[in-house]
Amino acid sequence: MVERTGAFWGRRHGKALRLGQRGLIDTVLPALTVDLTQPPADPRRLFPVAVDDVWVESGFGGGEHLLALAAARPTLGLIGAEPFVNGMAKALARLDGSPLAERVRLHPADSVELLDWLPEASIGRFYLLYPDPWPKKRHWKRRFVSPVNLDRIARVLRPGGEFRFASDWAPYVDWTLRRLLDHPAFAWTARTADDWRRPWDGWPGTRYEEKALREGRTPAYVIARRL
Ligand SMILES: C[S@@+](CC[C@H](N)C(=O)[O-])C[C@H]1O[C@@H](n2cnc3c(N)ncnc32)[C@H](O)[C@@H]1O
């Protein structure tokens with residue numbers, strides 16, 4: 001069943017969680033969850049260790065990319081949003097007992113709620129990787145990229161910060177580029193036609209990307225800078 005909360009349209013539950021996964025949701029997740037009932041504060045203060053910047057990933061799936069970023073950048077704090085409980089359980093299994101958990105915070109719901117809570121100009125990057133493409137025309141309004149969500153992303157990014165988007169669904173890539181080019185707060189950073197065909201440096205890939213490549217689809221990578 002497709003559920004809707006704000007910008008989230010999709011499944012919150014997949015296969016029944018195993019007992020261990022249920023335990024992670026009940027015991028590990030609460031300690032890592034960003035408390036949106038508190039007044040918004042500098043997101044660097046959400047972490048028990050000093051971090052010099054905070055990046056956000058919307059719809060992190062099983063957390064592969066989020067955790068790879070945390071591992072590759074030891075001074076960074078990361079916040080990931082994922083309403084799909086089975087994906088969250090996978091990420092928690094990776095985080096449980098890991099030192100990376102000190103620099104990762106989670107929002108187990110729609111990332112729009114997180115965007116609306118974060119203070120203005122408070123994060124360095126916002127990642128949207130392989131968002132649900134909603135190919136049918138009658139579902140296009142469910143796509144995460146919309147003028148209003150670009151406004152939300154623009155509000156929380158610092159000038160010079162980046163919105164990073166990847167997708168294997170060419171019509172959604174065009175859709176996103178068109179809306180970014182129309183948005184006064186963003187500039188597409190591509191210099192050559194090749195820029196959007198090659199992933200950016202340090203790209204660890206994602207599960208959906210692996211599937212897309214296996215099935216012969218061509219991903220595109222977009223970096224838009226906050227002006
Ligand atoms: C196609 S999957 C891609 C997962 C992962 N990024 C990857 O590349 O492997 C899209 C994910 O976005 C999540 N999602 C959809 N709408 C969302 C929203 N409004 N906020 C946060 N996550 C969302 C879904 O639950 C799903 O796990």
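Predicted model: local features only at pLDDT ≥ 70, side-chain atom pairs only at ≥ 80, totals over all residues.
Side-chain values use heavy atoms, with hydrogens and water left out.

**Ligand site**

Around the ligand there are 20 residues, of which G59, E82, S111, L129 and T206 come nearest; a residue is counted here if one of its heavy atoms lies within 4 Å of the ligand. By class, this shell divides into eleven nonpolar, five polar and four charged residues, where Ala, Val, Leu, Ile, Met, Phe, Trp, Tyr, Cys and Pro count as nonpolar, Asp, Glu, Lys and Arg as charged, and the others, Gly among them, as polar.

| Protein atom | Ligand atom | Distance |
|---|---|---|
| G59 backbone N or O | nitrogen | 2.8 Å |
| L129 backbone N or O | nitrogen | 2.8 Å |
| Y208 polar backbone atom | oxygen | 3.0 Å |

Of the 600 Å² of accessible area that the ligand has on its own, the protein covers 92%, with areas taken from the Shrake-Rupley method and a 1.4 Å probe.

**Nonpolar cores**

A nonpolar core is a set of buried Ala, Val, Leu, Ile, Met, Phe, Trp, Tyr and Cys residues joined through side-chain atoms within 4.5 Å, and buried means under 20% relative accessible area (1.4 Å probe, protein chains only). The largest such core has 35 residues, and F126, F144, I153, F163 and F186 have the most contacts inside it. Among the elements that give two or more residues to this core are β6 (123-129), α5 (147-156) and β7 (157-167), while α6 gives the most, with five residues. Beyond its neighbours within four places in sequence, F163 is in contact (heavy atoms within 4.5 Å) with residues including F126, I153, F186 and V222. Another core, of 31 residues, lies apart from the largest one and includes W55, L78, Y130 and I223.

In helix α2 (residues 64-72), the buried residues are H65, L66, L67, L69 and A70, and their cover includes β3, β4, α3 (85-95), β5 (104-107) and β6. Helices (H or I, at least four residues) and strands (E, at least two) are DSSP runs, numbered from the N terminus.

H183, found in the loop between α6 and β8 (186-188), is buried, with a relative accessible area of 10%. The side chain of H183 makes a polar contact of 2.7 Å with the side chain of D151; within protein, such a pair requires that one atom be able to donate a hydrogen and the other to accept it, and residues adjacent in sequence count only if both atoms are side-chain atoms.

Technical notes:
Residues numbered from 1 in each chain as written. Polar contact = N/O pair within 3.5 Å; in protein donor to acceptor, adjacent residues only side chain to side chain. Buried < 20%, exposed > 50% of the residue type's maximum accessible area, 1.4 Å probe, protein only.
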